[in-house]
Amino acid sequence: MQNESDNLHGEMQAADDNEVVRTENIDWDELEIAQDNNVDIITESGADPSNIFTQASIATSLCQGHNASWVAFTEETGNLFQLFMNVVRSVAAPSEATAGFEEMVLGTQRKYYMLGGKGGVGKTSCAASLAVKLANNGHPTLVVSTDPAHSLSDSFAQDLTGGTLVPVDGPYSPLFALEINPEKQGKNFEVSVGEVESKTSWMAWVLGRLQNRRKLNKGKGTVWLLLGELKLGELLNSPPPGLDEAIAISKVMKFLESQEYNMFTRIVFDTAPMGHTLRLLSLPDFLDASIGKILKLKQKIFSATSALKSVFGQQENQTNAADKLEKLRERMIKVRELFRDTNSTEFVIVTIPTVMAISESSRLCSSLKKDNVPVKRLVVNQILPPSTSDCKFCAMKRKDQARSISMIKSDPELSSLTMIQAPLVDVEIRGVPALQFLGDIVWK
Ligand SMILES: Nc1ncnc2c1ncn2[C@@H]1O[C@H](COP(=O)(O)OP(=O)(O)OP(=O)(O)O)[C@@H](O)[C@H]1O
């Protein structure tokens with residue numbers, strides 16, 4: 001088998017442009033070699049019908065935007081190309097509404113797409129396939145995972161774990177991917193808060209001593225009281241849910257402002273499972289309250305008398321820590337604004353056709369709307385493709401899925417969204433050609 005595969009690779013690499021190579025089966029790697037070498041492939045797939053979908057999947061990818069073409073046939077049935085293409089068409093177009101991809105691709109001003117939903121529904125595959133499609137349609141694109149359980153590396157079949165932008169090979173326009181570790185960002189926040197806390201505790205102690213000795217007037221006593229009220233330890237011990245991800249997103253926003261990265265016209269976020277994302281949305285209000293206190297305190301301390309200034313020999317460090325927090329708060333406000341900006345941002349909910357997933361998606365949708373987050377599209381992923389010969393299990397599953405889809409249609413929150421139905425495919429969605437294939441089905 002290994003030899004057969006090696007032979008095929010060699011044959012395709014050695015082939016001249018538009019030469020025809022015959023093979024029984026090709027996989028994604030071979031497909032890439034064929035594309036690179038502009039080789040036409042004839043797949044003699046045998047009479048095994050279970051092979052048809054895989055071959056059809058490869059066929060659509062191969063024919064998309066490349067000079068290579070694809071034909072499959074068996075000796076028994078003759079030319080199966082038409083049959084395969086029919087399968088592709090029926091599987092690729094189960095949806096009643098299209099995703100409105102034309103609108104997503106329109107314009108050169110920067111747009112952000114946040115994909116979110118319950119864990120395991122296919123958020124990452126949908127986000128990565130959207131990024132590939134946007135890049136293939138002329139947009140320099142960045143895809144970022146802020147989900148602590150990253151699967152973007154697996155999806156692109158590339159190591160993206162370094163926390164830096166990694167170029168993805170394949171699409172026509174530049175595509176970069178980034179896995180950002182939200183927990184690490186959260187830790188940096190703890191350090192900043194910790195710095196302020198240790199300094200303020202120390203100052204509180206000094207101020208208390210001074211006040212006891214009646215060296216402070218009433219006004220400075222107020223500063224002392226304020227210090228006591230801060231309770232920064234609480235902030236540290238129980239950081240607000242979603243903080244990690246909020247910081248991660250704000251970091252991305254920060255570097256996107258720099259000239260080096262302003263070429264990106266589409267940014268796709270693969271967000272953490274929806275609980276986190278939801279709580280993230282209320283975060284800036286929390287930060288306003290908590291960091292606001294720190295900032296107020298900073299102003300009070302800085303307007304203190306020169307006698308106090310001499311006491312605070314470490315004023316410089318304290319300023320840095322408070323400044324860091326102030327900057328963080330400003331960035332958080334930007335994230336909140338970004339989440340709510342209808343012109344530049346859209347939150348796409350990804351779900352699967354089960355009652356549980358749809359109920360959760362409905363709650364997510366309701367919260368997003370309440371928070372004024374623009375949400376227009378709902379991807380219902382992993383729908384069983386049409387079949388004429390269902391086993392009992394598949395027939396039951398199909399019935400369940402149909403019921404779930406009608407539930408969406410009558411759901412008060414979800415029914416107003418554009419529903420994009422994406423089929424469950426029988427190949428693993430892994431690597432750029434596979435993502436391109438999925439993208440062409442989902443994002444139309
Ligand atoms: N339409 C589909 N057909 C077949 N397999 C799919 C489809 N969509 C996703 N998958 C597969 O399902 C698995 C989970 O997908 P993915 O990682 O995209 O989900 P996720 O929602 O991002 O999960 P997590 O929250 O755990 O990161 C992967 O193995 C992926 O290849």
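**Entry 1: β10 and β11.** I looked up strand β10 (residues 345-351) and found that it pairs with β11 in the parallel sense over three bridges. Pairing here requires that DSSP finds at least two bridges between two strands. Strands (E, at least two residues) and helices (H or I, at least four) are DSSP runs, numbered from the N terminus. I noted that I349 stands opposite L378 in β11.

**Entry 2: the model.** I recorded that this is a predicted model, in which local features need pLDDT of at least 70 and side-chain atom pairs count only at pLDDT 80 or more, while totals for chains, interfaces and linings use all residues. Residues are numbered from 1 along each chain as its sequence is written.

**Entry 3: β11 and β12.** I then followed β11 (residues 377-383) to strand β12 (residues 418-423); the two pair in the parallel sense over five bridges. The bridge partner of R377 in β12 is T418. Between β11 and β12 the chain passes through helix α16 (residues 392-410), and this β-α-β crossover is right-handed; that is, with the strands pointing away from the viewer, the path from the first strand over the helix to the second runs clockwise.

**Entry 4: the sheet.** I read the strand order of the open sheet of eight strands as β7-β8-β6-β9-β5-β10-β11-β12, with mixed pairing. At the edges stand β7 (166-167) and β12, each with a single partner strand, so one side of each has no neighbour in the sheet.

**Entry 5: the ligand.** I listed 18 residues around the ligand, of which G119, G122, K123, T124 and S125 come nearest; a residue is near if its C-beta atom, placed from the backbone, lies within 6 Å. α6 (123-136) and β11 are the elements that give two or more residues to this shell. The largest share, three residues, comes from α6.

**Entry 6: α6 and α17.** I checked the axes (lines fitted to C-alpha atoms, for helices over the stretch in contact, with angles from 0 to 180 degrees between N-to-C directions). Those of α6 and helix α17 (residues 432-442) come within 8 Å and cross at roughly 90 degrees. The two helices are therefore roughly perpendicular, a term for angles of 65 to 115 degrees.

Methods. Parallel < 35°, antiparallel > 145°, perpendicular 65-115°, else oblique.
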